[in-house]
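Have a look at the structure first, then read on.

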Amino acid sequence: MRGRGASQSARRAREFQAFVAGAAGRLLHAATLLTAEDPHDNPRARRLLTLALAHTYACWDRLRGEDPYDRTRQYLATRFARGAWHQYGALGRTRSRATGALARLSPQERLILVLRLYEGVAEEQAAALLGLPQERVRAICDRATTTLLHPPRGPAPRPVGAKVAPS
Amino acid sequence: MNQPRREALVRQILEGGPASVPPELYADVMRRGGRMLRRRQAARRLMWLLLFAATVAFVVWALVAQPWVEPPSETTPPLDW
(Lines give C-alpha, C1' and ligand atoms only; values in the text may rest on other atoms or scores of the structure.)
Protein backbone atom coordinates (compact mmCIF):
# COMPACT_ATOMS: atom_id res chain seq x y z
CA MET A 1 0.00 0.00 0.00
CA ARG A 2 2.74 2.39 1.01
CA GLY A 3 4.92 1.33 -1.92
CA ARG A 4 2.12 1.79 -4.42
CA GLY A 5 1.41 5.27 -3.05
CA ALA A 6 5.08 6.26 -3.29
CA SER A 7 5.46 5.03 -6.87
CA GLN A 8 2.25 6.78 -7.86
CA SER A 9 3.41 10.05 -6.36
CA ALA A 10 6.79 9.71 -8.11
CA ARG A 11 5.07 9.09 -11.43
CA ARG A 12 2.76 12.04 -10.85
CA ALA A 13 5.71 14.32 -10.06
CA ARG A 14 7.56 13.18 -13.18
CA GLU A 15 4.60 13.62 -15.51
CA PHE A 16 3.68 16.93 -13.97
CA GLN A 17 7.21 18.26 -14.31
CA ALA A 18 7.23 17.38 -18.00
CA PHE A 19 3.89 19.11 -18.41
CA VAL A 20 5.06 22.27 -16.65
CA ALA A 21 8.27 22.36 -18.67
CA GLY A 22 6.24 22.30 -21.86
CA ALA A 23 3.29 24.49 -20.96
CA ALA A 24 4.38 27.02 -18.33
CA GLY A 25 5.95 29.50 -20.76
CA ARG A 26 2.88 29.80 -22.92
CA LEU A 27 0.53 29.89 -19.94
CA LEU A 28 2.60 32.56 -18.25
CA HIS A 29 2.47 34.67 -21.40
CA ALA A 30 -1.31 34.26 -21.48
CA ALA A 31 -1.56 35.17 -17.79
CA THR A 32 0.59 38.24 -18.35
CA LEU A 33 -1.70 39.31 -21.17
CA LEU A 34 -4.68 38.87 -18.84
CA THR A 35 -3.26 40.96 -16.05
CA ALA A 36 -1.84 43.49 -18.56
CA GLU A 37 1.46 43.57 -16.75
CA ASP A 38 4.91 44.16 -18.07
CA PRO A 39 6.40 40.82 -19.29
CA HIS A 40 9.41 41.34 -17.04
CA ASP A 41 7.52 42.43 -13.95
CA ASN A 42 4.44 40.26 -13.62
CA PRO A 43 3.81 39.24 -10.01
CA ARG A 44 0.04 38.91 -10.47
CA ALA A 45 0.39 36.74 -13.54
CA ARG A 46 2.89 34.51 -11.76
CA ARG A 47 0.62 34.15 -8.78
CA LEU A 48 -2.31 33.30 -11.04
CA LEU A 49 -0.26 30.69 -12.86
CA THR A 50 1.07 29.21 -9.62
CA LEU A 51 -2.45 28.74 -8.29
CA ALA A 52 -3.69 27.24 -11.54
CA LEU A 53 -0.78 24.81 -11.80
CA ALA A 54 -1.08 23.82 -8.15
CA HIS A 55 -4.73 23.04 -8.77
CA THR A 56 -3.83 20.91 -11.79
CA TYR A 57 -1.22 19.08 -9.75
CA ALA A 58 -3.74 18.34 -7.01
CA CYS A 59 -6.18 16.74 -9.44
CA TRP A 60 -3.57 15.13 -11.69
CA ASP A 61 -4.59 11.57 -10.79
CA ARG A 62 -8.23 12.27 -11.54
CA LEU A 63 -7.84 13.89 -14.94
CA ARG A 64 -8.87 10.63 -16.66
CA GLY A 65 -7.60 11.47 -20.10
CA GLU A 66 -8.60 15.13 -19.93
CA ASP A 67 -5.99 17.51 -21.28
CA PRO A 68 -4.09 19.04 -18.33
CA TYR A 69 -3.35 22.16 -20.39
CA ASP A 70 -7.06 22.62 -20.96
CA ARG A 71 -7.80 22.15 -17.30
CA THR A 72 -5.12 24.64 -16.23
CA ARG A 73 -6.31 27.23 -18.73
CA GLN A 74 -9.87 26.80 -17.56
CA TYR A 75 -8.91 27.31 -13.94
CA LEU A 76 -6.73 30.29 -14.86
CA ALA A 77 -9.58 31.94 -16.74
CA THR A 78 -12.24 31.42 -14.08
CA ARG A 79 -9.86 32.44 -11.33
CA PHE A 80 -8.96 35.61 -13.22
CA ALA A 81 -12.62 36.37 -13.89
CA ARG A 82 -13.41 36.03 -10.19
CA GLY A 83 -10.32 37.95 -9.10
CA ALA A 84 -10.94 40.77 -11.56
CA TRP A 85 -14.43 41.17 -10.20
CA HIS A 86 -13.12 41.59 -6.67
CA GLN A 87 -10.12 43.68 -7.53
CA TYR A 88 -11.55 46.10 -10.02
CA GLY A 89 -15.09 46.18 -8.75
CA ALA A 90 -18.08 45.68 -10.99
CA LEU A 91 -17.42 48.87 -12.92
CA GLY A 92 -13.81 48.23 -13.84
CA ARG A 93 -12.81 51.61 -12.56
CA THR A 94 -9.06 51.37 -12.09
CA ARG A 95 -6.32 49.92 -14.21
CA SER A 96 -3.47 51.45 -12.32
CA ARG A 97 -0.66 49.00 -12.97
CA ALA A 98 -1.69 48.07 -16.48
CA THR A 99 1.22 48.61 -18.82
CA GLY A 100 1.13 45.70 -21.23
CA ALA A 101 -0.13 45.50 -24.78
CA LEU A 102 -3.74 45.14 -23.66
CA ALA A 103 -3.69 47.91 -21.07
CA ARG A 104 -6.53 49.80 -22.74
CA LEU A 105 -8.98 46.93 -22.42
CA SER A 106 -11.12 46.01 -19.45
CA PRO A 107 -10.35 42.73 -17.66
CA GLN A 108 -13.32 41.02 -19.27
CA GLU A 109 -12.31 42.17 -22.74
CA ARG A 110 -8.78 40.93 -22.14
CA LEU A 111 -10.02 37.59 -20.90
CA ILE A 112 -12.23 36.99 -23.91
CA LEU A 113 -9.66 38.26 -26.37
CA VAL A 114 -6.94 36.02 -24.93
CA LEU A 115 -9.19 32.97 -24.81
CA ARG A 116 -10.52 33.45 -28.34
CA LEU A 117 -7.56 34.76 -30.27
CA TYR A 118 -4.44 33.77 -28.33
CA GLU A 119 -5.56 30.39 -27.04
CA GLY A 120 -7.92 29.68 -29.92
CA VAL A 121 -10.81 28.53 -27.74
CA ALA A 122 -14.04 28.14 -29.70
CA GLU A 123 -16.70 30.76 -29.15
CA GLU A 124 -19.24 28.41 -27.57
CA GLN A 125 -16.63 26.95 -25.23
CA ALA A 126 -15.52 30.39 -24.09
CA ALA A 127 -19.16 31.34 -23.55
CA ALA A 128 -19.81 28.21 -21.52
CA LEU A 129 -16.66 28.74 -19.49
CA LEU A 130 -17.58 32.30 -18.55
CA GLY A 131 -21.31 31.73 -18.26
CA LEU A 132 -22.16 34.29 -20.92
CA PRO A 133 -24.36 34.01 -24.00
CA GLN A 134 -22.44 33.35 -27.19
CA GLU A 135 -23.55 36.58 -28.86
CA ARG A 136 -22.21 38.55 -25.93
CA VAL A 137 -18.82 36.86 -26.23
CA ARG A 138 -18.74 37.71 -29.93
CA ALA A 139 -19.74 41.33 -29.26
CA ILE A 140 -17.10 41.78 -26.54
CA CYS A 141 -14.46 40.19 -28.73
CA ASP A 142 -15.35 42.52 -31.63
CA ARG A 143 -15.29 45.54 -29.37
CA ALA A 144 -11.94 44.57 -27.89
CA THR A 145 -10.49 44.01 -31.35
CA THR A 146 -11.67 47.42 -32.46
CA THR A 147 -10.27 49.12 -29.36
CA LEU A 148 -6.96 47.40 -29.85
CA LEU A 149 -6.62 48.19 -33.54
CA HIS A 150 -8.06 51.69 -33.46
CA PRO A 151 -7.12 53.07 -30.07
CA PRO A 152 -9.26 56.02 -29.03
CA ARG A 153 -7.41 59.25 -28.49
CA GLY A 154 -6.76 60.18 -24.92
CA PRO A 155 -4.26 59.86 -22.10
CA ALA A 156 -4.04 56.10 -22.05
CA PRO A 157 -0.82 54.23 -21.31
CA ARG A 158 1.14 53.50 -24.44
CA PRO A 159 1.49 49.84 -25.22
CA VAL A 160 4.95 48.73 -24.27
CA GLY A 161 6.93 45.75 -25.36
CA ALA A 162 4.81 44.76 -28.33
CA LYS A 163 4.61 45.74 -31.91
CA VAL A 164 1.84 48.22 -32.54
CA ALA A 165 -0.08 47.01 -35.51
CA PRO A 166 -0.76 49.51 -38.27
CA SER A 167 -4.46 49.85 -38.75
CA MET B 1 -10.88 45.73 -42.92
CA ASN B 2 -12.47 42.29 -42.90
CA GLN B 3 -12.82 40.01 -39.93
CA PRO B 4 -10.01 37.46 -40.55
CA ARG B 5 -7.54 40.24 -41.25
CA ARG B 6 -8.44 42.04 -38.03
CA GLU B 7 -8.11 38.83 -36.07
CA ALA B 8 -4.73 38.13 -37.61
CA LEU B 9 -3.54 41.60 -36.62
CA VAL B 10 -4.73 41.12 -33.05
CA ARG B 11 -3.04 37.72 -32.92
CA GLN B 12 0.16 39.42 -33.98
CA ILE B 13 -0.14 41.83 -31.05
CA LEU B 14 -0.92 39.03 -28.63
CA GLU B 15 1.84 36.73 -29.78
CA GLY B 16 5.19 37.02 -28.20
CA GLY B 17 7.86 34.63 -27.27
CA PRO B 18 6.97 32.37 -24.38
CA ALA B 19 7.59 34.24 -21.18
CA SER B 20 10.61 33.15 -19.20
CA VAL B 21 9.30 31.19 -16.26
CA PRO B 22 11.09 31.97 -13.01
CA PRO B 23 12.66 28.81 -11.56
CA GLU B 24 11.12 29.25 -8.13
CA LEU B 25 7.66 29.01 -9.64
CA TYR B 26 7.86 25.23 -9.98
CA ALA B 27 8.88 24.75 -6.35
CA ASP B 28 6.06 27.01 -5.25
CA VAL B 29 3.58 25.08 -7.39
CA MET B 30 4.73 21.77 -5.93
CA ARG B 31 4.49 23.11 -2.40
CA ARG B 32 0.98 24.45 -2.84
CA GLY B 33 -0.21 21.58 -4.99
CA GLY B 34 1.18 19.00 -2.58
CA ARG B 35 -0.56 20.70 0.29
CA MET B 36 -3.87 20.76 -1.58
CA LEU B 37 -3.46 17.10 -2.48
CA ARG B 38 -2.69 16.07 1.08
CA ARG B 39 -5.63 18.05 2.36
CA ARG B 40 -7.97 16.42 -0.14
CA GLN B 41 -6.68 12.97 0.69
CA ALA B 42 -7.16 13.64 4.40
CA ALA B 43 -10.71 14.87 3.76
CA ARG B 44 -11.51 11.79 1.69
CA ARG B 45 -10.09 9.50 4.36
CA LEU B 46 -12.10 11.27 7.04
CA MET B 47 -15.25 10.91 4.98
CA TRP B 48 -14.75 7.17 4.55
CA LEU B 49 -14.02 6.84 8.24
CA LEU B 50 -17.23 8.67 9.14
CA LEU B 51 -19.21 6.54 6.73
CA PHE B 52 -17.75 3.38 8.23
CA ALA B 53 -18.43 4.55 11.79
CA ALA B 54 -22.02 5.44 10.90
CA THR B 55 -22.56 2.02 9.33
CA VAL B 56 -21.17 0.23 12.37
CA ALA B 57 -23.28 2.34 14.71
CA PHE B 58 -26.40 1.60 12.70
CA VAL B 59 -25.78 -2.14 12.64
CA VAL B 60 -25.12 -2.24 16.38
CA TRP B 61 -28.22 -0.22 17.10
CA ALA B 62 -30.33 -2.43 14.83
CA LEU B 63 -29.08 -5.59 16.51
CA VAL B 64 -29.78 -4.21 19.96
CA ALA B 65 -33.13 -2.55 19.31
CA GLN B 66 -34.42 -5.06 16.74
CA PRO B 67 -36.97 -2.61 15.32
CA TRP B 68 -38.42 -5.29 13.03
CA VAL B 69 -39.81 -7.26 15.98
CA GLU B 70 -43.43 -6.40 16.72
CA PRO B 71 -43.58 -4.73 20.16
CA PRO B 72 -45.65 -6.58 22.73
CA SER B 73 -49.17 -5.31 22.90
CA GLU B 74 -49.84 -2.79 25.64
CA THR B 75 -53.58 -3.20 25.78
CA THR B 76 -55.11 -6.29 27.31
CA PRO B 77 -58.24 -7.81 25.88
CA PRO B 78 -61.41 -7.08 27.91
CA LEU B 79 -62.25 -9.66 30.53
CA ASP B 80 -65.88 -10.38 29.94
CA TRP B 81 -66.97 -13.79 31.30
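Two residues count as in contact here if their C-beta atoms, placed from the backbone, lie within 7 Å. Keep in mind that this is a predicted model.

## Chain A overall

Of its 167 residues, 33% are buried.

How much of α4(A) is buried? The count is 11 of the 12 residues, so this helix is largely enclosed by the rest of the structure. The buried set includes A:Pro107, A:Leu111, A:Val114 and A:Tyr118, but also the charged-type names A:Arg110 and A:Arg116. After α4(A) comes A:Gly120, with a positive phi near 70°.

Two packed helices are described by the angle between their axes and the distance between the axes. For α4 (residues 107-118) and α6 (residues 134-149) of chain A, the axes come within 9 Å and cross at roughly 100°. Angles of 65 to 115 degrees count as roughly perpendicular, and α4(A) and α6(A) are therefore roughly perpendicular to each other. On the α4(A) side, the contact is made by A:Gln108, A:Glu109, A:Ile112, A:Leu113 and A:Arg116. From α6(A) come A:Val137, A:Ile140, A:Cys141, A:Arg143 and A:Ala144. Sorted by class, that contact has six nonpolar, one polar and three charged residues.

## Where the chains meet

The contact between the chains takes 27 residues from chain A and 23 residues from chain B. On the chain B side, the elements giving two or more residues are α1 (3-14) and α2 (24-65). Of these, α2(B) gives the most, with 10 residues. The side of chain B that touches chain A has 14 nonpolar, three polar and six charged residues.

Most residues other than glycine have a negative phi. A:Ala36 has a positive phi of about 55° although it is not a glycine. You'll find A:Ala36 in the loop between α1 (2-35) and α2 (43-58) of chain A. Is A:Ala36 buried or exposed? A:Ala36 is buried, because 24 other C-beta atoms lie within 10 Å, and the cut-off for buried is 20 or more.

B:Gln66 also isn't a glycine, and has a positive phi of about 45°. B:Gln66 sits in the segment after α2 of chain B. With 9 other C-beta atoms within 10 Å, B:Gln66 is exposed.

Technical notes
Residues are numbered from 1 along each chain as its sequence is written. Chains are lettered from A and ligands numbered from 1 in the order in which they are written. This is a predicted model: local features need pLDDT of at least 70, side-chain atom pairs count only at pLDDT 80 or more; totals for chains, interfaces and linings use all residues. Helices (H or I, at least four residues) and strands (E, at least two) are DSSP runs, numbered from the N terminus. Axes are lines fitted to C-alpha atoms, for helices over the stretch in contact, and angles run from 0 to 180 degrees between N-to-C directions. Angles under 35 degrees count as roughly parallel, over 145 as roughly antiparallel, 65 to 115 as roughly perpendicular and the rest as oblique.
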